[in-house]
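Me: I am new to this protein and would like to learn how to read its features one by one. Could you walk me through them?

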Amino acid sequence: MQKKLSLVIVGTIFISFMILMVISALSIRNIGIKNAEEKAQIISNLVQDGLSAHMLSGTMDQREFFLKKISTAKGVDALWIVRSESVVNQFGKGLNNEVMRDGIDEQALKSGQVQQQSEENAHSAKLRVTTPYIAKEHGIPNCMQCHNAKEGDVLGAISIVFDIGEVRTNGILTSLTILGISIIIMLLVFVIINRSMQPLMELFHSIKFVMKKAQEGEYVRRVRCSSNDKEYQDVKFWLNSLLDKLEDTLKDIEVTVKKFLALSPNHQPDLLLETQSIVHELSDIYQFKRTIEFDEDKEQVYKRIGSILQNDVGLQDFILIESGKNDIHPSIVFDASSKKRTINLNCRALRTKQTVNSEQFRDICGLCATSAFHLCIPYLITSDFELLLTIWAKSQEELAQIKEKLPKIQNYIDAARPELVSKNLTEILKVSSTTDALTELYNRKYLDEYIEKALSQAKRNGIAYGILMIDIDWFKMVNDTYGHDVGDKAIKVLAQVLKENIRESDTAFRFGGEEFLVLLYECEEAMVLAIAEKIRLAFEKSPIQAHNGASFYKTLSVGASIFPNDSDSLWKCVKFADIALYNAKDSGRNCSKRFQASMVDATELKTDF
């Protein structure tokens, strides 16, 4: 690079010198030709004056000596004169050297203009100048005194041939001299430039090397320069300081981000590109976190996680399972599987809480026969709440690509963890506030909310509800005989009987104490007492454990009503079921009674509850 730049500079100067040399050579040649032209004019004037003098003195017969003498002048190669036709007619043809030789002489006589021609070859260089003589009436001598002519007539011409070879040779020698001096100067300039540019080129090559390494992702290289020149040292210091700051900043960003973000593998170890990727991922995660903060529940968060896994991470065949303690039964919360998937409670990942990879051992799980390549990753949200991501791949290569995306998936799960914990806690609090802790059935508070929704839906769609009010017979005797803890067991047994003997569409409530309420959804008249009897008989056969290991049995009394058959008020129907319950108790207990209008007076039928 240094020699190339030096050669460019020296070459430019050399070409400039060559152009000057050519211009000088041409100038020398033009000056020689100009001198020859001026000399031709002088000789022409001299010959004209000499011939005029011979004519006036009457010695024209001696003019040949005069002409030969002039033709021998230095630089004159040949000289002759030409008489015009009028002069020939007046004085005769003249000497042998006074005749027209070629078209140049003829043209000069016709036009009255000086004619000039040069002939050059490798051996010689000639300049031919033919100057016409013009008749003048005024002046000394007066041409009209001797010639029969008028003003402006051409009387003759003189042709002179000059040898300008010496001029050309001098031009060439001068050019060669200039060329030699130029070459010497160029060599000196080349040496000086090359030596003066050495520190600069050293700095340039060092910068080039460092920048190339930085382009490849290596930022530890630094610029070097051996010159002590302050400007070079300043450039080296500025560049190295910039690289130090860049490297320290990138490393600091990477170290800081690693504290709270799992970094994906980078196959192109470029610190700058890696930092850019980290910043983009942080921005995406921040936007994701800001979005799920305003989601209403866990289901919306799960949908967003699933969308991220599909669209941003690029997973194609996977499911997301929620599991844990405290009645968080395993359930699929997002399904992007290519086939219908189900949850097996014996799933190895669910059971061991460890990642299961099909690469670990052939058929390691035994439950994922749908694909030979699969990956199950449990993500702990809290100590009793977790997510399980199960991914299926079509090939070993696709599975390897999925594994590289696991850090990114981990980042999104970590970002969602606080919101999942918060929303899960909200759901737990909501359930605990509407669920009876002893029986795990809905409580009276939830009944108030439920009836409001059920009533509007029933009226809109014409839905009938069967209402059962249930009470354990002689329950106070259980508490007095066995204690309240055994009484609680009796209540739990009844709750379990209700769960097992009503439909999924039906809803059971603990109405208070040992009293329970069941709402039978879309239940016909004939089915209401049938379900009531089914519950009563099932409880009658259910043993209740006492402290001494013995068991005892209790019975139920059930009152039933139907909405809207008995009233267009659901709450009034609840009251009617309660009245029917008391009628069953008054009838000897351990029986089911359907509400009848005769159980109350007419005034009570019209009363709003």
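Me: Let's begin with charges: which side chains meet in a salt bridge with a distance of 3.7 Å, N to O?
Reply: Those of Glu 440 and Lys 499. In general, side chains of opposite charge can pair when their charged atoms come close. Here a salt bridge means a side-chain nitrogen of Lys or Arg within 4 Å of a carboxyl oxygen of Asp or Glu. Glu 440 sits in the loop between α11 (406-434) and α12, and Lys 499 in helix α14 (residues 484-501), so the pair ties together parts that are 59 residues apart in sequence. Helices (H or I, at least four residues) and strands (E, at least two) are DSSP runs, numbered from the N terminus.

Me: What should I know about the model and its numbering before going on?
Reply: This is a predicted model, where local features need pLDDT of at least 70 and side-chain atom pairs count only at pLDDT 80 or more, while totals for chains, interfaces and linings use all residues. Residues are numbered from 1 along each chain as its sequence is written, and side-chain values use heavy atoms, with hydrogens and water left out.

Me: How many salt bridges are there by this rule?
Reply: The count comes to 18. Among them, Arg 290 meets Glu 293 at 3.8 Å, N to O, and Asp 295 joins Arg 304 with the closest N and O atoms 2.7 Å apart. Asp 471, Asp 473 and Lys 585 are linked in a network of salt bridges.

Me: How do I read a strand, and which way do the side chains of β9 point?
Reply: In a regular strand the side chains alternate between the two faces of the sheet. In β9, Phe 385, Leu 387, Leu 389, Ile 391 and Ala 393 point one way, and Glu 386, Leu 388, Thr 390 and Trp 392 point the other way.

Me: Which strands pair with β9?
Reply: Strands of a sheet pair through backbone hydrogen bonds, either parallel or antiparallel. Two strands count as paired if DSSP finds at least two bridges between them. Strand β5 (residues 318-324) pairs with β9 in the antiparallel sense over 7 bridges, with Ile 319 opposite Thr 390. Strand β8 (residues 373-382) is also antiparallel to β9, over 9 bridges, and Leu 375 stands opposite Ile 391. With 2 residues between them, β8 and β9 form a hairpin.

Me: What is the order of the strands in the open sheet of 4 strands?
Reply: The order is β1-β4-β3-β2, with antiparallel pairing. Its edge strands, each pairing on one side only, are β1 (76-83) and β2 (115-120). On average, neighbouring strands are turned by 15° against each other, direction ignored. Helix α4 (residues 103-111) packs on this sheet, touching β1, β2, β3 and β4 (154-163), and its direction makes about 30° with that of β3. Touching here is a contact, with heavy atoms within 4.5 Å.

Me: And how do I read two helices together: at what angle do α12 and α16 pack?
Reply: Axes are lines fitted to C-alpha atoms, for helices over the stretch in contact, and angles run from 0 to 180 degrees between N-to-C directions. Helix α12 (residues 444-461) and helix α16 (residues 570-586) pack at about 125°, with axes 10 Å apart. That makes α12 oblique to α16; angles under 35 degrees count as roughly parallel, over 145 as roughly antiparallel, 65 to 115 as roughly perpendicular and the rest as oblique.

Me: Which residues of α16 take part in the contact with α12?
Reply: They are Leu 570, Trp 571 and Val 574, which meet α12 residues including Arg 444, Leu 447 and Ile 451.

Note on methods:
Buried < 20%, exposed > 50% of the residue type's maximum accessible area, 1.4 Å probe, protein only.
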